[in-house]
Amino acid sequence: MYPGRFAYHLPDSLHEAVGNLERGGGDARVLAGGQSLIRLMRFRYESPSHLVDLRNLGLSGIDEFGGRLRIGATTTDAFLETSPTIGNNYPLIADVARVIADPLVRNLATIGGSAAYAHPSGDWGPALMAARATFTAVGPGGQRSIPADQFFVGSFCTALGAAEILTGIELSGLSNGGGAYMKLHRKIGDFATVGVAVQLTVDADGKVSDCGIGMSGVALSYVRASKAEEYLVGRTLDRDSLRRGSGIASEETHPVKDARGSAIYKREMVKVLCRHALETAAQRAGVELED
Ligand SMILES: Cc1cc2nc3c(=O)[nH]c(=O)nc-3n(C[C@H](O)[C@H](O)[C@H](O)COP(=O)(O)OP(=O)(O)OC[C@H]3O[C@@H](n4cnc5c(N)ncnc54)[C@H](O)[C@@H]3O)c2cc1C
């Protein structure tokens, strides 16, 4: 099916882009990679009257400064998948970038588009929660920063206002520890049946000083396993504590039965994936786990 009629805008500045969005009222949409939005428009699930294309706004690329990593909102998954900086220093981000969809989608889909779309089985959401990302956005009221816990509001729902544009994502402390993302999917190109992201920091005594765990496909929106995080912080990691932490994370989920599996199956898979993600993150943080 063809999309409905819309006015197309290709602004050269954020100011102009926000103006375009305001002019469309609640009926204007930002266009990033178009991999989700254009499909929704072709099925007429979405029929925006204005489309505001972000491609000329210079929001792509990565920047490292003062121990922080900033990823521009329109940075594609393919860029992140192939970036030596990401591959060498940010394993959590690299893990996610290579398992999203398929190479054709990854060439166009953007990290900001994925975050703004907030598909409950999406891959970036849990990783950005685990990494305690901060989202920067620009709208009619100026610029603001939104922590990940507040950014993801629910299924396909974020804290962004109708005329707000996500401009970038900031991450700190990732290069000090270890991160990992594990995804169970039925086939290449499918959304996660279950996805678990872990970011760990371990102090000089070998104890966990910080731990973030985000999960996908396990509820109507992303879930942060805050009780499992609490259990793991301050502990020396061994196989037993990792197994126990994964069990706690699994208890924090509220999966629903769908074509990808039953609720019980998904909960069991969280235990397995979380343990693997914790083990990999721990090893990447320099922890040697005894058998
Ligand atoms: C075949 C296929 C398989 C897929 N598999 C996976 C998968 O395995 N895992 C996964 O996580 N995703 C998957 N996706 C989703 C894919 O990653 C999406 O394209 C992505 O979620 C949206 O990114 P985009 O840049 O294409 O955004 P768009 O489609 O352009 O936009 C999506 C939504 O976000 C809004 N938006 C986009 N950018 C911004 C911004 N900067 N500020 C404010 N609002 C914005 C748009 O208005 C729109 O509502 C798949 C998609 C396809 C087509």
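Two notes on the basis. Residues are numbered from 1 along each chain as its sequence is written, and side-chain values use heavy atoms, with hydrogens and water left out. Because the model is predicted, local features need pLDDT of at least 70 and side-chain atom pairs count only at pLDDT 80 or more, while totals for chains, interfaces and linings use all residues.

Domains first. The domain assignment gives domain 1 (7-52), domain 2 (62-172) and domain 3 (175-284); such bounds come from an automatic or database assignment. Between the C-alpha centres of domain 1 and domain 3 there are 35 Å. When I name helices (H or I, at least four residues) and strands (E, at least two), these are DSSP runs numbered from the N terminus.

Now the inside. A nonpolar core is a set of buried Ala, Val, Leu, Ile, Met, Phe, Trp, Tyr and Cys residues joined through side-chain atoms within 4.5 Å. Buried means under 20% relative accessible area, exposed over 50%, and partly exposed in between, with a 1.4 Å probe and protein chains only. The largest core has 40 residues, and those touching the most other members are Ile 93, Trp 124, Leu 128, Phe 135 and Leu 171. Elements giving two or more residues to this core include helix H5 (91-97), strand E6 (134-139) and strand E10 (165-172). Domain 2 and domain 3 both contribute residues, so this core lies between them. A second, separate core has 31 residues, among them Val 223, Tyr 231, Ala 249 and Cys 274.

Next, the pockets. On a 1 Å grid over the protein atoms alone, a pocket is an open set of points where a 1.4 Å probe fits, with protein on both sides within 12 Å along at least five of seven lines; lining residues have an atom within 4 Å of a point. Points are joined across faces, edges and corners, and a volume is the space filled by probe spheres set on them.

The largest pocket comes to about 1300 Å³. It has 49 lining residues, and Ser 36, Leu 37, Gly 113, Ala 116 and Tyr 117 are the closest to its centre. Which helix gives the most to this lining? H7 does, with five residues.

The second largest pocket holds about 230 Å³. Of its 17 lining residues, Ala 32, Gly 33, Asp 53, Arg 55 and Leu 108 lie nearest the centre. Domain 1 and domain 2 both supply lining residues, so this pocket sits between them.

Last, some single residues. Ser 121 is in the loop between helix H7 (111-117) and helix H8 (124-130). Is Ser 121 buried or exposed? Its relative accessibility is 10%, so Ser 121 counts as buried. Setting aside neighbours within four places in sequence, Ser 121 contacts (heavy atoms within 4.5 Å) Phe 191, Ala 192, Ser 216 and Gly 217.

Ala 118 is found in that loop between H7 and H8 too. Its phi is near 55°, a positive value in a residue other than glycine, and Ala 118 is buried with a relative accessible area of 1%. Phe 156, also not a glycine, has a positive phi of about 55°. Phe 156 lies in the loop between strand E8 (152-154) and E9, and at 44% relative accessibility Phe 156 counts as partly exposed.
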